[in-house]
Amino acid sequence: MTKYQHDSHTIQFELIKTIEGASNDTLEKIINIINSVNTISYDRIKIPNMKYERKEDQLVINCEYIKGTILDPKIHTHFRSIIFEDFVLSENKYSVTDYHPRNFIIQDKTFNLYYVDIYGIQKSDIDTRKKSFNRYFL
């Protein structure tokens with residue numbers, strides 16, 4: 001988890017997402033995505049650290065909170081090629097399929113780019129990702 005310096009102390013943020021009432025198949029799909037994403041590297045774009053706990057029909061996800069600014073494609077144009085190369089052209093079977101700018105955070109101070117929507121990561125092929133990418137970045 002990322003720690004932020006504030007005056008004489010540090011602060012660490014964490015986001016807790018609780019999913020209830022979903023089918024077992026849905027919960028297993030989310031768990032598979034988290035497990036896959038935790039072992040994959042996307043080069044320049046980061047995915048927040050995640051861990052989860054399954055409690056019968058409930059899934060609790062603890063996710064690193066990324067403090068920063070939402071990507072604005074009109075201003076942050078240099079990230080377009082990074083997103084295309086790292087996610088769209090990725091050889092990983094799991095990659096991003098939802099390229100809405102609100103799913104990208106530019107971290108304060110480090111200016112690292114993070115993708116923060118676990119639901120936007122799926123098994124997909126490059127052609128599918130290109131079409132989705134083009135909706136937001138062309």
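**A charged network and its surroundings**

Modeller: Start with Arg-44, which is partly exposed at a relative accessible area of 35%. That value falls between the cut-offs of 20% and 50%, so Arg-44 counts as neither buried nor exposed. Keep in mind that this is a predicted model.

Arg-44 forms a salt bridge with Glu-85, and the closest N and O atoms of the two are 2.7 Å apart.

Arg-44 has another partner. A salt bridge joins Arg-44 to Asp-86, with the closest N and O atoms 2.9 Å apart. Is Asp-86 buried or exposed? Asp-86 is buried, because its relative accessible area is 6% and the limit is 20%. Through shared partners, salt bridges join Asp-43, Arg-44, Glu-85 and Asp-86 into one network.

Now follow helix 2. Asp-86 is one of its buried residues, along with Phe-79, Ile-82, Ile-83, Phe-87 and Val-88. What covers them? The cover includes strand 4, strand 8 (94-96), strand 9 (104-107), strand 10 (113-115) and helix 3 (126-137).

Step back to the salt bridges as a set. The structure holds four of them. One of these joins Arg-54 to Glu-28, and their closest N and O atoms are 2.7 Å apart. Arg-54 is in strand 5 (residues 50-55) and Glu-28 is in helix 1 (residues 24-37), so this pair ties together parts 26 residues apart in sequence. Both ends are partly exposed: Arg-54 has a relative accessible area of 28%, and Glu-28 has 33%.

What of charge across the whole protein? There are 19 positive and 19 negative side chains. The centres of the two sets lie 4 Å apart.

Next, move to strand 1 (residues 3-6), where Tyr-4 is found. Tyr-4 counts as buried, because its relative accessibility is 11% and the limit is 20%. Which residues does Tyr-4 touch, leaving out those up to four places away in sequence? They are His-9, Thr-10, Ile-11, Phe-13, Tyr-65, Ile-66, Lys-67 and Gln-107. Take Lys-67 from that list. Along the chain, Tyr-4 and Lys-67 are 63 residues apart, yet 9.0 Å separates their C-alpha atoms.

Two loop residues deserve a look too. Glu-56 is not a glycine, but it has a positive phi of about 55 degrees. Glu-56 lies in the loop between strand 5 and strand 6 (58-64). Glu-56 is exposed, because its relative accessible area of 72% is over 50%. Phe-111 also has a positive phi, about 60 degrees, and is not a glycine either. Its place is the loop between strand 9 and strand 10. At 58% relative accessibility, Phe-111 counts as exposed.

The protein has three helices and eleven strands. Along the sequence, the elements run β-β-β-α-β-β-β-β-α-β-β-β-β-α. Take the contacts between residues at least 6 apart in sequence: 71% of them join residues at least 24 apart.

What about overall size? Along its principal axes, the C-alpha trace spans about 45 × 45 × 25 Å. A compact globule of 138 residues would have a radius of gyration near 14 Å, and the 16 Å of this protein agrees with that. Of the 138 residues, 39% are buried. The protein exposes about 8200 Å², and carbon and sulfur atoms supply 48% of that area.

Return to the starting point with that picture in mind. Arg-44 bridges to Glu-85 and to Asp-86, and the network also takes in Asp-43.

Methods
Residues are numbered from 1 along each chain as its sequence is written. This is a predicted model: local features need pLDDT of at least 70, side-chain atom pairs count only at pLDDT 80 or more; totals for chains, interfaces and linings use all residues. Side-chain values use heavy atoms; hydrogens and water are left out. Helices (H or I, at least four residues) and strands (E, at least two) are DSSP runs, numbered from the N terminus. The radius of gyration is taken over C-alpha atoms; the globule rule is 2.2 Å times the number of residues to the power 0.38. Buried means under 20% relative accessible area, exposed over 50%, partly exposed in between (1.4 Å probe, protein chains only). Contact means heavy atoms within 4.5 Å. Accessible areas come from the Shrake-Rupley method with a 1.4 Å probe; for residues, only the protein chains shown count as cover. Lys and Arg count as positive and Asp and Glu as negative; His and the chain ends are not counted. The place of a charge is taken as NZ of Lys, CZ of Arg, CG of Asp or CD of Glu. A salt bridge is a side-chain nitrogen of Lys or Arg within 4 Å of a carboxyl oxygen of Asp or Glu.
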